[in-house]
Amino acid sequence: MFVWLGLALVLGSFAALLIGPFPLTPSEAVGVLARVVSGAQPSGTQDTVLLSIRLPRVVAALLVGASLAAAGACYQTLFRNPLVSPDILGVSAGAGLGAVLGIFLSLPVAAIQLMGFAGGLAAVALVGFVAATVRGGDSTLVLVLAGVVVGALAGAATSLLKVLADPYDQLPAITFWLLGSLAGVKAGDILPAVPAVLFGLVPLFLLRWRINVLSLGDEEAKALGVEAGRLRLVVIFCATLITASVVAIAGVVGWVGLVIPHIARMIVGPGFGRLLPAAALLGAGYLLAVDTLARTLSGTEVPLGILTAVVGAPFFLWLLARGRRAWA
(Lines give C-alpha, C1' and ligand atoms only; values in the text may rest on other atoms or scores of the structure.)
Protein backbone atom coordinates (compact mmCIF):
# COMPACT_ATOMS: atom_id res chain seq x y z
CA MET A 1 0.00 0.00 0.00
CA PHE A 2 2.72 2.47 0.94
CA VAL A 3 4.73 1.57 -2.16
CA TRP A 4 1.74 2.30 -4.38
CA LEU A 5 0.99 5.55 -2.54
CA GLY A 6 4.60 6.66 -2.89
CA LEU A 7 4.71 5.77 -6.58
CA ALA A 8 1.46 7.64 -7.24
CA LEU A 9 2.86 10.66 -5.39
CA VAL A 10 6.02 10.69 -7.52
CA LEU A 11 4.06 10.41 -10.77
CA GLY A 12 1.60 13.07 -9.63
CA SER A 13 4.43 15.44 -8.72
CA PHE A 14 6.02 15.01 -12.15
CA ALA A 15 2.67 15.61 -13.84
CA ALA A 16 2.13 18.77 -11.78
CA LEU A 17 5.45 20.12 -13.05
CA LEU A 18 4.16 19.86 -16.62
CA ILE A 19 0.71 21.39 -16.14
CA GLY A 20 0.07 25.11 -16.13
CA PRO A 21 -0.48 28.22 -18.26
CA PHE A 22 2.91 27.51 -19.84
CA PRO A 23 2.72 23.73 -20.49
CA LEU A 24 5.83 21.60 -20.71
CA THR A 25 6.34 18.22 -22.34
CA PRO A 26 7.89 15.36 -20.34
CA SER A 27 11.04 15.48 -22.47
CA GLU A 28 11.44 19.21 -21.82
CA ALA A 29 11.03 18.77 -18.07
CA VAL A 30 13.50 15.88 -17.99
CA GLY A 31 15.95 17.95 -20.00
CA VAL A 32 15.75 20.86 -17.56
CA LEU A 33 16.24 18.58 -14.56
CA ALA A 34 19.14 16.83 -16.27
CA ARG A 35 20.87 20.17 -16.88
CA VAL A 36 20.45 21.09 -13.22
CA VAL A 37 21.88 17.75 -12.07
CA SER A 38 24.85 18.16 -14.42
CA GLY A 39 25.64 21.54 -12.86
CA ALA A 40 24.68 23.74 -15.81
CA GLN A 41 23.32 27.21 -15.09
CA PRO A 42 19.55 27.58 -15.69
CA SER A 43 18.73 29.63 -18.76
CA GLY A 44 15.67 30.15 -20.92
CA THR A 45 11.95 30.29 -20.26
CA GLN A 46 11.52 26.56 -19.62
CA ASP A 47 14.20 26.55 -16.92
CA THR A 48 12.68 29.59 -15.22
CA VAL A 49 9.15 28.21 -15.26
CA LEU A 50 10.13 24.78 -13.99
CA LEU A 51 12.80 25.66 -11.43
CA SER A 52 11.67 29.04 -10.11
CA ILE A 53 7.89 28.72 -10.23
CA ARG A 54 6.56 25.17 -10.43
CA LEU A 55 9.15 23.13 -8.55
CA PRO A 56 8.98 25.26 -5.36
CA ARG A 57 5.21 25.25 -5.57
CA VAL A 58 5.00 21.47 -5.97
CA VAL A 59 7.38 20.94 -3.05
CA ALA A 60 5.37 23.38 -0.94
CA ALA A 61 2.10 21.60 -1.77
CA LEU A 62 3.61 18.25 -0.76
CA LEU A 63 5.00 19.68 2.48
CA VAL A 64 1.86 21.56 3.48
CA GLY A 65 -0.52 18.70 2.63
CA ALA A 66 1.56 16.06 4.42
CA SER A 67 2.00 18.26 7.49
CA LEU A 68 -1.65 19.22 7.88
CA ALA A 69 -2.81 15.63 7.40
CA ALA A 70 -0.24 14.28 9.86
CA ALA A 71 -1.21 16.89 12.44
CA GLY A 72 -4.88 16.05 11.93
CA ALA A 73 -4.17 12.36 12.47
CA CYS A 74 -2.39 13.22 15.73
CA TYR A 75 -5.23 15.38 17.02
CA GLN A 76 -7.90 12.84 16.08
CA THR A 77 -6.01 10.01 17.78
CA LEU A 78 -5.26 12.14 20.82
CA PHE A 79 -8.84 13.29 21.36
CA ARG A 80 -10.35 10.01 20.09
CA ASN A 81 -12.68 11.90 17.81
CA PRO A 82 -12.80 11.80 13.97
CA LEU A 83 -14.25 15.32 13.78
CA VAL A 84 -11.16 17.00 15.23
CA SER A 85 -8.77 18.96 13.02
CA PRO A 86 -5.64 21.12 13.55
CA ASP A 87 -7.93 24.10 14.11
CA ILE A 88 -9.24 22.64 17.36
CA LEU A 89 -6.62 24.31 19.59
CA GLY A 90 -6.65 27.63 17.76
CA VAL A 91 -3.45 26.98 15.81
CA SER A 92 -4.73 28.18 12.45
CA ALA A 93 -6.56 31.14 13.97
CA GLY A 94 -3.47 32.22 15.91
CA ALA A 95 -1.20 31.84 12.89
CA GLY A 96 -3.72 33.75 10.80
CA LEU A 97 -3.80 36.59 13.31
CA GLY A 98 -0.01 36.81 13.39
CA ALA A 99 0.30 36.90 9.60
CA VAL A 100 -2.55 39.41 9.22
CA LEU A 101 -0.85 41.66 11.77
CA GLY A 102 2.35 41.43 9.73
CA ILE A 103 0.46 42.41 6.55
CA PHE A 104 -1.27 45.25 8.43
CA LEU A 105 2.12 46.59 9.54
CA SER A 106 3.44 46.29 5.95
CA LEU A 107 6.27 43.97 6.96
CA PRO A 108 8.32 41.95 4.44
CA VAL A 109 7.22 38.45 3.47
CA ALA A 110 9.75 36.70 5.72
CA ALA A 111 8.57 38.70 8.73
CA ILE A 112 4.93 37.92 7.91
CA GLN A 113 5.69 34.20 7.84
CA LEU A 114 7.62 34.46 11.11
CA MET A 115 4.73 36.27 12.78
CA GLY A 116 2.31 33.64 11.50
CA PHE A 117 4.48 30.91 12.98
CA ALA A 118 4.78 32.75 16.29
CA GLY A 119 1.04 33.43 16.37
CA GLY A 120 0.20 29.74 16.06
CA LEU A 121 2.56 28.76 18.88
CA ALA A 122 1.33 31.64 21.05
CA ALA A 123 -2.30 30.58 20.59
CA VAL A 124 -1.59 27.03 21.75
CA ALA A 125 0.53 28.31 24.65
CA LEU A 126 -2.42 30.44 25.75
CA VAL A 127 -4.75 27.45 25.41
CA GLY A 128 -2.40 25.38 27.57
CA PHE A 129 -2.22 28.13 30.18
CA VAL A 130 -6.01 28.45 30.35
CA ALA A 131 -6.44 24.68 30.60
CA ALA A 132 -3.81 24.47 33.35
CA THR A 133 -5.51 27.16 35.45
CA VAL A 134 -8.95 25.57 35.24
CA ARG A 135 -9.25 22.92 37.90
CA GLY A 136 -11.67 20.02 37.87
CA GLY A 137 -13.58 18.40 35.06
CA ASP A 138 -12.36 16.48 32.06
CA SER A 139 -8.90 17.83 31.11
CA THR A 140 -9.40 16.99 27.43
CA LEU A 141 -12.75 18.77 27.32
CA VAL A 142 -11.27 21.81 29.06
CA LEU A 143 -8.43 21.88 26.52
CA VAL A 144 -10.83 21.72 23.58
CA LEU A 145 -13.11 24.43 25.00
CA ALA A 146 -10.11 26.65 25.70
CA GLY A 147 -9.01 26.15 22.09
CA VAL A 148 -12.45 27.18 20.84
CA VAL A 149 -12.39 30.35 22.98
CA VAL A 150 -8.86 31.34 21.96
CA GLY A 151 -9.66 30.64 18.30
CA ALA A 152 -12.75 32.84 18.53
CA LEU A 153 -10.76 35.68 20.11
CA ALA A 154 -8.07 35.39 17.43
CA GLY A 155 -10.76 35.43 14.75
CA ALA A 156 -12.30 38.57 16.26
CA ALA A 157 -8.92 40.30 16.34
CA THR A 158 -8.33 39.32 12.71
CA SER A 159 -11.71 40.78 11.72
CA LEU A 160 -10.82 44.02 13.53
CA LEU A 161 -7.57 44.30 11.58
CA LYS A 162 -9.48 43.71 8.33
CA VAL A 163 -11.78 46.62 9.19
CA LEU A 164 -8.81 48.89 9.95
CA ALA A 165 -6.73 47.80 6.94
CA ASP A 166 -6.26 49.81 3.77
CA PRO A 167 -9.09 48.61 1.48
CA TYR A 168 -7.03 49.10 -1.68
CA ASP A 169 -3.76 47.47 -0.67
CA GLN A 170 -3.77 45.59 2.63
CA LEU A 171 -7.31 44.20 2.69
CA PRO A 172 -7.03 42.20 -0.58
CA ALA A 173 -3.71 40.72 0.58
CA ILE A 174 -5.21 39.79 3.96
CA THR A 175 -8.29 38.21 2.40
CA PHE A 176 -6.28 36.21 -0.14
CA TRP A 177 -3.87 34.99 2.53
CA LEU A 178 -6.66 33.86 4.84
CA LEU A 179 -8.15 31.80 1.99
CA GLY A 180 -4.86 29.95 1.51
CA SER A 181 -2.61 30.01 -1.53
CA LEU A 182 0.76 28.85 -2.82
CA ALA A 183 0.87 31.37 -5.65
CA GLY A 184 3.86 33.35 -4.44
CA VAL A 185 5.84 30.64 -2.71
CA LYS A 186 9.57 30.48 -3.38
CA ALA A 187 12.37 28.12 -2.43
CA GLY A 188 13.48 30.54 0.28
CA ASP A 189 10.03 30.32 1.89
CA ILE A 190 10.14 26.52 2.09
CA LEU A 191 13.63 25.97 3.52
CA PRO A 192 12.98 27.53 6.98
CA ALA A 193 9.84 25.42 7.44
CA VAL A 194 11.43 22.04 6.66
CA PRO A 195 13.50 21.77 9.89
CA ALA A 196 10.49 22.77 12.02
CA VAL A 197 8.28 20.16 10.32
CA LEU A 198 10.91 17.45 10.77
CA PHE A 199 11.41 18.49 14.39
CA GLY A 200 7.71 17.84 14.94
CA LEU A 201 7.30 14.73 12.79
CA VAL A 202 10.29 12.70 14.02
CA PRO A 203 9.17 12.52 17.70
CA LEU A 204 5.65 11.62 16.62
CA PHE A 205 6.98 8.74 14.54
CA LEU A 206 9.29 7.55 17.32
CA LEU A 207 6.43 7.69 19.85
CA ARG A 208 3.88 6.08 17.53
CA TRP A 209 3.29 3.03 19.73
CA ARG A 210 2.82 5.11 22.89
CA ILE A 211 0.40 7.37 21.02
CA ASN A 212 -1.45 4.24 19.96
CA VAL A 213 -1.84 3.28 23.63
CA LEU A 214 -2.94 6.82 24.47
CA SER A 215 -5.87 6.44 22.08
CA LEU A 216 -7.33 3.83 24.46
CA GLY A 217 -7.90 6.47 27.15
CA ASP A 218 -5.96 7.82 30.12
CA GLU A 219 -6.80 5.02 32.53
CA GLU A 220 -5.88 2.25 30.10
CA ALA A 221 -2.70 4.09 29.09
CA LYS A 222 -1.66 4.50 32.72
CA ALA A 223 -2.29 0.82 33.37
CA LEU A 224 0.03 0.00 30.46
CA GLY A 225 2.78 2.23 31.81
CA VAL A 226 2.28 5.33 29.64
CA GLU A 227 2.29 8.76 31.30
CA ALA A 228 -0.75 10.20 29.54
CA GLY A 229 -0.42 13.83 30.62
CA ARG A 230 3.20 14.25 29.60
CA LEU A 231 2.73 12.38 26.33
CA ARG A 232 -0.31 14.48 25.49
CA LEU A 233 1.71 17.67 25.88
CA VAL A 234 4.45 16.31 23.60
CA VAL A 235 1.95 15.34 20.91
CA ILE A 236 0.15 18.67 21.08
CA PHE A 237 3.43 20.59 20.87
CA CYS A 238 4.71 18.58 17.89
CA ALA A 239 1.41 18.74 15.98
CA THR A 240 1.14 22.47 16.70
CA LEU A 241 4.71 23.09 15.53
CA ILE A 242 3.98 21.26 12.27
CA THR A 243 0.74 23.14 11.66
CA ALA A 244 2.11 26.59 12.47
CA SER A 245 5.14 26.01 10.22
CA VAL A 246 3.09 25.28 7.10
CA VAL A 247 0.29 27.77 7.81
CA ALA A 248 2.99 30.45 7.80
CA ILE A 249 3.79 29.40 4.20
CA ALA A 250 0.40 28.71 2.65
CA GLY A 251 -2.07 30.61 4.78
CA VAL A 252 -5.15 29.02 6.31
CA VAL A 253 -5.99 25.85 4.35
CA GLY A 254 -8.93 24.07 5.93
CA TRP A 255 -10.38 20.56 5.75
CA VAL A 256 -7.12 18.76 4.92
CA GLY A 257 -6.46 17.87 8.55
CA LEU A 258 -10.05 16.72 8.98
CA VAL A 259 -10.80 14.72 5.83
CA ILE A 260 -7.49 13.06 4.94
CA PRO A 261 -6.78 11.33 8.29
CA HIS A 262 -10.21 9.77 8.21
CA ILE A 263 -9.66 8.47 4.68
CA ALA A 264 -6.28 7.09 5.76
CA ARG A 265 -7.91 5.40 8.73
CA MET A 266 -10.45 3.76 6.43
CA ILE A 267 -7.60 2.42 4.25
CA VAL A 268 -4.96 1.26 6.76
CA GLY A 269 -6.91 1.06 10.02
CA PRO A 270 -6.57 2.99 13.31
CA GLY A 271 -3.04 1.83 14.20
CA PHE A 272 -1.04 5.04 14.55
CA GLY A 273 2.15 3.44 13.23
CA ARG A 274 0.43 2.97 9.85
CA LEU A 275 -1.98 5.90 10.11
CA LEU A 276 0.67 8.63 10.40
CA PRO A 277 2.64 7.84 7.19
CA ALA A 278 -0.54 6.99 5.27
CA ALA A 279 -2.14 10.30 6.23
CA ALA A 280 1.03 12.19 5.29
CA LEU A 281 1.22 10.56 1.85
CA LEU A 282 -2.48 11.04 1.13
CA GLY A 283 -2.40 14.63 2.39
CA ALA A 284 0.57 15.45 0.17
CA GLY A 285 -1.13 13.97 -2.89
CA TYR A 286 -4.47 15.60 -2.11
CA LEU A 287 -3.11 19.12 -1.73
CA LEU A 288 -0.89 18.64 -4.78
CA ALA A 289 -3.97 17.78 -6.85
CA VAL A 290 -5.97 20.68 -5.38
CA ASP A 291 -3.16 23.18 -6.00
CA THR A 292 -2.73 21.97 -9.58
CA LEU A 293 -6.46 22.41 -10.10
CA ALA A 294 -6.35 25.86 -8.47
CA ARG A 295 -3.81 27.21 -10.96
CA THR A 296 -5.37 25.61 -14.06
CA LEU A 297 -9.11 25.82 -13.39
CA SER A 298 -9.46 29.36 -14.74
CA GLY A 299 -7.46 32.39 -15.74
CA THR A 300 -7.68 33.72 -12.18
CA GLU A 301 -6.17 31.50 -9.53
CA VAL A 302 -8.69 29.97 -7.12
CA PRO A 303 -7.65 30.04 -3.43
CA LEU A 304 -6.90 26.64 -1.93
CA GLY A 305 -9.31 27.13 0.95
CA ILE A 306 -12.26 27.32 -1.44
CA LEU A 307 -11.41 24.12 -3.30
CA THR A 308 -10.61 22.13 -0.14
CA ALA A 309 -13.94 23.24 1.34
CA VAL A 310 -15.81 22.16 -1.80
CA VAL A 311 -14.47 18.63 -1.28
CA GLY A 312 -14.35 18.64 2.51
CA ALA A 313 -17.82 19.91 3.34
CA PRO A 314 -19.76 17.09 1.60
CA PHE A 315 -17.39 14.53 3.11
CA PHE A 316 -17.94 16.06 6.55
CA LEU A 317 -21.69 15.69 6.16
CA TRP A 318 -21.26 12.08 5.06
CA LEU A 319 -19.04 11.49 8.08
CA LEU A 320 -21.70 12.90 10.39
CA ALA A 321 -24.31 10.67 8.75
CA ARG A 322 -22.22 7.56 9.38
CA GLY A 323 -21.70 8.43 13.03
CA ARG A 324 -18.76 7.62 15.27
CA ARG A 325 -19.37 3.89 15.56
CA ALA A 326 -17.77 3.12 12.20
CA TRP A 327 -14.70 5.16 13.17
CA ALA A 328 -14.30 3.43 16.53
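Reply: An axis here is a line fitted to C-alpha atoms, for helices over the stretch in contact, and an angle runs from 0 to 180 degrees between N-to-C directions. Helices are DSSP runs of H or I with at least four residues, strands are E runs of at least two, and both are numbered from the N terminus. The model is a predicted one, in which local features need pLDDT of at least 70 and side-chain atom pairs count only at pLDDT 80 or more, whereas totals for chains, interfaces and linings use all residues. Residues are numbered from 1 along each chain as its sequence is written, and side-chain values use heavy atoms, with hydrogens and water left out.

On that basis, α5 (residues 109-133) and α12 (residues 228-250) pack with their axes 8 Å apart, at an angle of about 150°. The two helices are therefore roughly antiparallel, a label given to angles over 145 degrees. Their crossing is right-handed, meaning that the near helix is turned clockwise from the far one by less than a right angle.

Taking contact as heavy atoms within 4.5 Å, α5 contributes Gln113, Gly116, Phe117, Gly120, Leu121 and Val124, which meet Ile236, Thr240, Leu241, Ala244, Ser245, Ala248 and Ile249 of α12.

An unreviewed UniProt entry lists several stretches as "transmembrane region", including residues 114-134 and 231-260, although such annotations, given in the numbering used here with shortened feature names, may be inferred rather than shown by experiment. Over residues 231-260 the chain is 83% helix and 0% strand, with 24 Å between the end C-alpha atoms.

Technical notes
Parallel < 35°, antiparallel > 145°, perpendicular 65-115°, else oblique.
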